[in-house]
Every structure is written in structure tokens, then in C-alpha cells.
Amino acid sequence: MRVLLILAVISSLIYSQDFRGVEYEISHGIKEKITPGASILVGNKNDVLFKEHFGRYTYEADSRNVDDNSLYDMASVTKVMATTLCVMKLYDDDKLALDDKVAKYIPEFAANGKENITIRNLLLHNSGMPAYYSPGKLSDEELIQKIYGVGLTYKTGESYIYSCLHFVTLMKVTEAITGKKMYQYYKDTFTDPLGLQNTMFSPPAERKLDCLPTQNDLQGEVHDPIANTLKGYSGNAGLFSNVDDLSVLVRMLMNGGEYNGKRFFRESTVKLFTTHAGENSTRALGWDTNSNGERSAGSLFSRSSYGHTGYTGTCLWIDPEREIFSIFLTNRVYPDDKASVGGLRIKVHNAVINAIEDNPPTPDVTSLFLDKGNNINFTINTNSQKGRVLLTEVYVNDKLFDKFSGDKKEEKYSIPADPGGNTVYAINKSESKESITSDKYIVHGLEKDVLLVDAIDNDASEEKQYHHSFAML
């Protein structure tokens with residue numbers, strides 16, 4: 001009896017962390033040529049819950065497999081995993097204040113109406129500066145001077161435009177305060193003390209072949225044009241890393257700024273910088289948040305989650321309520337920068353929470369469109385639900401339209417649209433109310449037709465039986 005009990009407990013633990021849904025989504029993304037390679041690490045403060053590498057460096061059959069030595073061009077994840085950390089440290093050491101004028105440290109920055117821009121404005125992306133400045137054939141110093149000289153596109157503090165120029169400027173502020181190049185200050189302050197061997201700017205020649213290529217002719221050199229002009233040393237992009245090293249930095253933040261007995265920040269500093277603070281956006285100080293539930297973290301990561309994405313296909317999200325994190329890295333820009341990883345990120349992060357909380361897998365709604373007869377056409381794919389006994393129910397306007405069991409791999413539907421407005425949604429019967437996603441879209445008054453499908457796991461406990469998928473027309 002005791003042996004049976006132990007086996008039952010072990011089986012329960014394994015089942016409660018079934019990441020096959022995550023594996024399916026990433027493998028399917030590679031099959032659909034969203035990215036040739038990917039790595040993911042899901043963990044908590046102390047343990048790795050799931051880690052795996054997928055695919056190859058390129059789509060060629062003889063290309064190198066992604067592994068522990070693989071490095072990714074982090075693109076804009078640099079903004080939080082390097083530049084923001086440096087600013088946090090300077091704030092923590094009382095070497096700068098958030099409401100300091102940028103011109104205090106860089107006098108020439110005050111040109112063209114920018115004299116009142118503060119450090120806080122740069123971190124919140126509400127300074128009024130434009131989103132980008134294409135460097136063309138400028139030298140690195142000429143580019144910096146052009147950024148200092150740009151004018152405002154809106155009044156400081158009154159709107160929001162996500163801008164790479166903010167973080168190039170923050171890099172130069174860091175350098176003005178420390179007297180060091182930011183990449184050196186970052187190395188001295190974070191990567192060396194933490195023993196990170198795979199986190200660096202401008203990888204040396206012997207590591208370039210470890211980097212996943214971002215173009216046919218670009219491997220081991222930063223993809224972003226501004227950072228490339230700055231020889232790979234920039235505040236908006238330029239960092240290369242992998243899931244293992246990033247997980248150390250993430251755990252340091254999750255532990256209130258401390259790692260292995262060494263304190264890097266006060267706990268209050270971490271809380272301040274990672275809490276939603278943008279009146280016109282989802283931004284925290286440097287970080288993005290999932291405050292509206294519509295970011296790449298998906299609909300299931302908590303609203304207090306913070307993280308960031310990178311143009312090359314990288315992202316990470318930290319959920320302080322669940323005390324878990326996910327680092328999901330791809331090189332989706334290879335070979336021609338045409339693939340979009342946005343939908344894959346959402347599916348992967350929803351699958352992460354499903355695995356951790358033992359929710360039924362999310363039904364995959366595909367090929368959703370409105371035909372000439374105003375009928376709603378879509379396909380439900382259950383391939384991601386392997387290993388679970390499932391029933392999928394389709395609700396249209398609060399009425400059960402159809403249901404099918406999980407032994408069917410695909411079911412196609414054509415539903416007459418509602419002449420009263422075409423809003424299509426599902427009801428979460430386990431709580432007798434609109435499911436989270438349905439409720440969110442109705443409450444926010446989204447003027448889009450929405451299809452929601454509930455999955456029912458007949459083997460799960462009552463409170464875990466129901467889950468949903470959604471797609472917009």
C-alpha cells in the first residue's frame with residue numbers, strides 16, 4: 001500500500017507538470033517556419049520546471065542543433081536585462097534620481113525642446129522623442145549626436161511612443177555617471193559577479209558560431225541597425241545570451257535583488273521598477289507589464305507580470321503572483337525577417353500556465369474567417385492535447401453549438417453569423433459566468449467578432465475541467 005501511495009504521488013507530480021502542450025506549440029511553430037530554432041526555460045525562484053531546446057540554427061537539414069551553448073541576439077530584451085539593470089543599480093546607489101533631467105548628465109541633449117525630459121520619461125517611453133532613427137551610413141559618434149539633436153513628436157509626458165532612442169540615451173547617462181562604457185559597467189556589476197559566461201555584448205570571434213543567425217549573412221553580430229552602427233555596444237539592443245544565464249538574472253530579481261547571498265538591489269527598488277506605472281501604456285520603469293492581459297505573456301500570466309520582448313524573437317516574462325517565470329527565445333527573423341512570432345508567444349505562455357496549474361490544454365482555433373455569406377468558418381485542432389481525455393464544446397451566443405471528443409484531431413465548422421451583431425463567445429460552465437477572455441473582450445467593448453471555445457477535461461477535478469481558446473475575426 002505504501003509503495004502504491006508513493007507511486008501515486010510521483011505520478012501526480014509528473015502529471016501536474018505536463019509540458020507537452022508547450023512542446024507541441026514550439027515544435028508546430030518550427031514546422032510552420034515561424035522560426036528555425038528555439039529555447040525555453042520555465043522556472044521558479046529555486047528550480048527549473050521545464051527546459052528544452054528545439055530545432056536548428058537554420059532550416060537546412062545539416063544545420064547545427066540548438067543546445068546549451070547556443071547564444072541568441074536578445075534585441076530589445078537588452079533594454080531590461082542590461083540597460084534597465086544598470087539604471088536600477090545607479091538609482092539603488094543614489095547616483096541618479098528618476099526625476100533628474102537628462103540634460104543634467106548630457107547637456108547637449110537639451111536641444112530642440114528636450115530640456116525637461118527626465119530619466120523617468122525615458123524609462124516610461126513618454127518623452128516625446130520619435131521611435132527610431134535610421135543610421136544610414138553615419139559613424140557611431142555621428143549617430144549619437146543625431147539622437148541628441150532630434151526634436152519632439154509630442155509634448156513630453158502626454159503620450160506614449162516606444163522608442164529605442166530612449167535606451168541609447170540611458171546608456172549614455174550611465175556612462176556619464178560611471179565614467180565607464182555601459183557594457184563594461186554591466187560586466188563589472190552583474191555578469192562577472194554572477195558568473196555568467198554566456199551573456200555579453202559583441203561576442204568574440206570564438207563565440208560567433210555559437211550565435212543563432214538572424215540573416216543569411218549575419219551571425220554573431222547584432223541585427224538592430226542602431227546597435228550595429230554602434231559596433232554592437234548599445235542600450236537598445238546588442239546583448240547576446242541564453243536561457244540559463246538569463247534565468248540567473250531573473251531569479252535575482254524574483255528574490256528581491258539578491259542572489260546566492262549577494263545583494264544587487266534593495267527589494268523596494270525591484271518593486272518600484274517592475275510595477276505598472278505608465279498612464280497611457282502598459283509600461284513599468286524600463287519593463288513592460290501584462291497589466292491589460294494582452295501582451296505576449298498571454299491571457300493567463302497574472303496582470304502584475306513584467307517582462308519584455310525582442311525584435312529577433314526573444315522574450316521573457318516573470319509572474320510575481322505565481323512566483324514563476326518563462327524565458328522563450330527564437331531567431332524568427334532568419335532568413336528574411338518575414339515570420340511573426342506574436343501568436344506563438346501567446347500560445348506558448350498560455351501552455352506554460354496550463355502545465356503548471358494542470359489546466360486542460362487550450363483548444364487551437366485556426367483558419368478563422370468570415371465568408372461572403374457572413375458565415376463564421378474555423379477549424380479546431382486538438383493535436384496539442386495529446387495524452388488528455390478531452391471534450392471540446394463550441395458555444396455560439398451563449399448556446400451550445402456542438403461538441404466533439406479529443407480523439408478527433410481536427411473539426412471544421414461553418415456557423416451562421418448572428419444578425420444581431422456577430423458577437424460569438426463561450427460560457428465557462430464551471431463557474432456559470434463568462435470565461436476570463438470572453439468577459440475581458442465584452443467589458444472592454446472590443447468591436448471585433450470573437451469566437452471562444454471551451455475545452456473540458458473529463459478526468460480532471462471539477463475546478464480544473466474547463467479552459468478556453470479564442471480568436472478574433
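Predicted model: local features only at pLDDT ≥ 70, side-chain atom pairs only at ≥ 80, totals over all residues.
Is cysteine 315 buried or exposed in terms of relative accessibility? At 0% relative accessibility, cysteine 315 counts as buried, where buried denotes under 20% relative accessible area, exposed over 50%, and partly exposed the range in between, computed with a 1.4 Å probe on protein chains only. Residues are numbered from 1 along each chain as its sequence is written, and side-chain values use heavy atoms, with hydrogens and water left out.

Cysteine 86 likewise has a relative accessible area of 0% and is buried. Zero disulfides are found in the structure, a disulfide being a pair of cysteine sulfur atoms within 2.5 Å.

The nonpolar interior was described through cores, each a set of buried Ala, Val, Leu, Ile, Met, Phe, Trp, Tyr and Cys residues joined through side-chain atoms within 4.5 Å. The largest nonpolar core comprises 69 residues, and Met81 and Leu253 are the members with the most contacts inside it. When neighbours within four places in sequence are left aside, methionine 81 is in contact (heavy atoms within 4.5 Å) with Tyr186, Leu239, Leu246, Leu249, Leu253, Trp287 and Leu316. Another core lies apart from this one and has 25 residues, among them Ile26, Ala297, Leu300 and Cys315.

Tyrosine 186, one of the contacts of methionine 81, is found in helix 7 (residues 182-191); helices (H or I, at least four residues) and strands (E, at least two) are DSSP runs numbered from the N terminus. With a relative accessibility of 1%, tyrosine 186 counts as buried. Its contacts, again leaving aside neighbours within four places in sequence, are Met81, Ala82, Leu85, Cys86, Thr191, Thr199, Phe201, Leu239 and Leu249.

Aromatic pairs were assigned to rings of Phe, Tyr and Trp (its six-membered ring) whose centres lie within 6.5 Å, with planes under 30 degrees apart classed as stacked, over 60 as edge-to-face and the rest as tilted. By this rule the count comes to eight aromatic pairs. Tyrosine 91 and phenylalanine 273 form an edge-to-face pair, with 5.6 Å between centres and 65 degrees between planes. This pair links distant parts of the chain, since tyrosine 91 lies in helix 3 (residues 78-92) and phenylalanine 273 in helix 10 (residues 267-274), 182 residues apart. The two partners are partly exposed in the case of tyrosine 91, at 22% relative accessibility, and buried in the case of phenylalanine 273, at 0%.

Charges over rings were also examined, the criterion being NZ of Lys or CZ of Arg within 6 Å of the ring centre and within 35 degrees of the ring normal. Lysine 262 lies over the face of phenylalanine 264, at 5.4 Å from the ring centre, and the charged end of arginine 332 sits over the ring of tyrosine 311, 4.5 Å from its centre.

Side chains of opposite charge can pair when their charged atoms come close. The whole structure contains 22 salt bridges, defined by a side-chain nitrogen of Lys or Arg within 4 Å of a carboxyl oxygen of Asp or Glu. In the bridge between lysine 104 and aspartate 100, the closest N and O atoms are 3.7 Å apart; lysine 104 is exposed, with a relative accessible area of 56%, whereas aspartate 100 is buried, at 14%. Glutamate 175 and lysine 172 meet at 3.1 Å, N to O, and, because they are three residues apart in helix 6 (residues 164-178), about one helical turn separates them.
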